[in-house]
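Subject: Handing over the structure, with notes

Dear colleague,

Please find the structure below, followed by my notes on what was found in it. I would be glad if you could read the notes with the model open beside them.

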Amino acid sequence: LEDVQDTFDFCYKLHYLPGEDRNKDPEYTQQVQALQAKLQNLDRQRREMLAQMQQLLGRSETLRDFLQRELAAWQERQRRACLGAPEDTTLRPLETWFTELGQGLFQLLKLLQALEDLQQKLSYERDPLKAESPLLQRRLRELLTYLLQRWGRQGKGARWGECPHFPPPNPSPAPPSAFVVEQQPSMPNAFKRPLVLRTASKFSARARLLVRLHDRNHRMEAKIHVDRSGRPPWASLLCRFRKFNILTSSSKTLLVGDSPQDGLVCDFQYLMLKEQKDSRSGKGSKGTSEGPLAVTEELHLITFTLAYAYCGLELELETSTLPFVIISNNNQLSSAWASILWINMLSSNPREQQFFSAPPPAPWPQLAEVLSWQFKSVAERGLGQEHLLMLAEKLFGKA
């Protein structure tokens, strides 16, 4: 396209002499007709390229929706894996797909910028680049934003709740973004019980950016926040929850692994939480521990934020962990783990921090399946029907 444009521009400057009356010159008339043919060819090629880009963007939107459904299914598998279910939670295939789609979209963005440069050098009446390029560029940036960042409504057909006993999450949650929590908060030697943390004890969490594209001249810094503000209307109830500070560093530079296959990860290790004392607590008050729910029913979230920049696109990416419980001694571990099981079994929105203000009951088939997962995660063997029948009789009595 650039060659066609340069050829036309050269011939125009060489042969076309505006202001001179040479209509009776047959040679000049032929040159003008040849110029018009070159301009028509240039216009046709510009329109064809724009049409191809429109088609590619349409296919990219279809692929993006497919990837978000796959990512939603992965998040559901990760949620069940936290309860002991034997699920595959590897991210390598998704990371490859997200990266290749991102590469294609950023390549289209570079092509559009190149077309804009061509249009600055040469334009004409009804130039399709002048009319359509800004619209295409806006659509492309929205598509990239939608791929990288969490906003908008859930795509159609998202495969939530593949397990027959698990309800789907909220019918219109925000779609998953390319910035995900790869490892939920967990303490070392947690007996395969993540999402239960103890104050003054070390824990770790890891987030990953599935689009392995970054500007090496831009330092991408990830930060973590405990119970970040800016929540829904019911969040005012959280003010009576205990508040915690992170003792260790709460920011980390997003690192590239030793090889491109390692991806872009921010691995927070050796984190520690300390309860924030309420200065308003008077003598004899229980202070911040006095709240509407038991300590083991308070649900907290860690939010990761990342300042992302690539090819002129700047975004703040955000992702949150599943809810976790913070305890102060091991005697609270069993009750805290029961809370983690209950919300992940029954909540239509697994990030609902007020879930235990009115927790629903669990149907026995659903609870039985989770109990079997628990045994299998520890003893490498699930519970058979006779075991589950015995447990049901212990809980409910004989039918």
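A crossing of two helices is called left-handed if the near helix is turned anticlockwise from the far one by less than a right angle, and right-handed if it is turned clockwise. Helices (H or I, at least four residues) and strands (E, at least two) are DSSP runs, numbered from the N terminus.

Before the findings, a word on the basis. This is a predicted model, in which local features need pLDDT of at least 70 and side-chain atom pairs count only at pLDDT 80 or more, while totals for chains, interfaces and linings use all residues. Residues are numbered from 1 along each chain as its sequence is written, and side-chain values use heavy atoms, with hydrogens and water left out.

I begin with the helices. Two packed helices are described by the angle between their axes and the distance between the axes. Here axes are lines fitted to C-alpha atoms, for helices over the stretch in contact, and angles run from 0 to 180 degrees between N-to-C directions. Angles under 35 degrees count as roughly parallel, over 145 as roughly antiparallel, 65 to 115 as roughly perpendicular and the rest as oblique.

Helix α2 (residues 26-82) and helix α3 (residues 92-121) have axes that come within 10 Å and cross at roughly 155°, which makes α2 roughly antiparallel to α3. The crossing in which α2 passes α3 is left-handed. With α4, helix α2 packs at an angle of about 15°, the axes being 11 Å apart, and the two are therefore roughly parallel to each other. The crossing of α2 and α4 is left-handed.

Within helix α3 is the place of Thr99, which counts as buried at 4% relative accessibility (buried means under 20% relative accessible area, exposed over 50%, partly exposed in between, with a 1.4 Å probe and protein chains only). Not counting residues up to four places away in sequence, Thr99 touches Leu210, Val211, Arg212 and Leu213.

Next comes the sheet. Two strands pair if DSSP finds at least two bridges between them. Four strands form an open sheet in the order β6-β4-β10-β11, with antiparallel pairing. The edge strands are β6 and β11 (313-320), each of which pairs on one side only, and neighbouring strands of this sheet are turned by 20° against each other on average, direction ignored. Helix α4 (residues 128-148) packs on the sheet, where it touches β10 and β11, and its direction makes about 25° with that of β11.

Strand β4 (residues 221-226) pairs in the antiparallel sense with strand β6 (residues 251-253) over three bridges, and with strand β10 (residues 302-310) over five bridges, again antiparallel. Ala222 has Lys252 as its bridge partner in β6 and Leu306 as its bridge partner in β10, while Glu221 is bridged to Thr253 in β6. The covered face of β4 consists of Ala222, Ile224 and Val226, and the uncovered one of Glu221, Lys223 and His225.

Most residues other than glycine have a negative phi, and most peptide bonds are trans. Tyr270, although not a glycine, has a positive phi of about 55°; Tyr270 is found in strand β8 (residues 264-271) and is exposed, with a relative accessible area of 55%. Glu380 likewise has a positive phi, near 65°, and lies in the loop between α6 (364-379) and α7 (385-396), where Glu380 is exposed with a relative accessible area of 71%. Gln332, in the loop between β12 (325-327) and α5 (333-346), counts as buried at 18% relative accessibility, and is in contact with Val295, Thr296 and Ile327, leaving aside neighbours within four places in sequence.

Methods:
Contact means heavy atoms within 4.5 Å.
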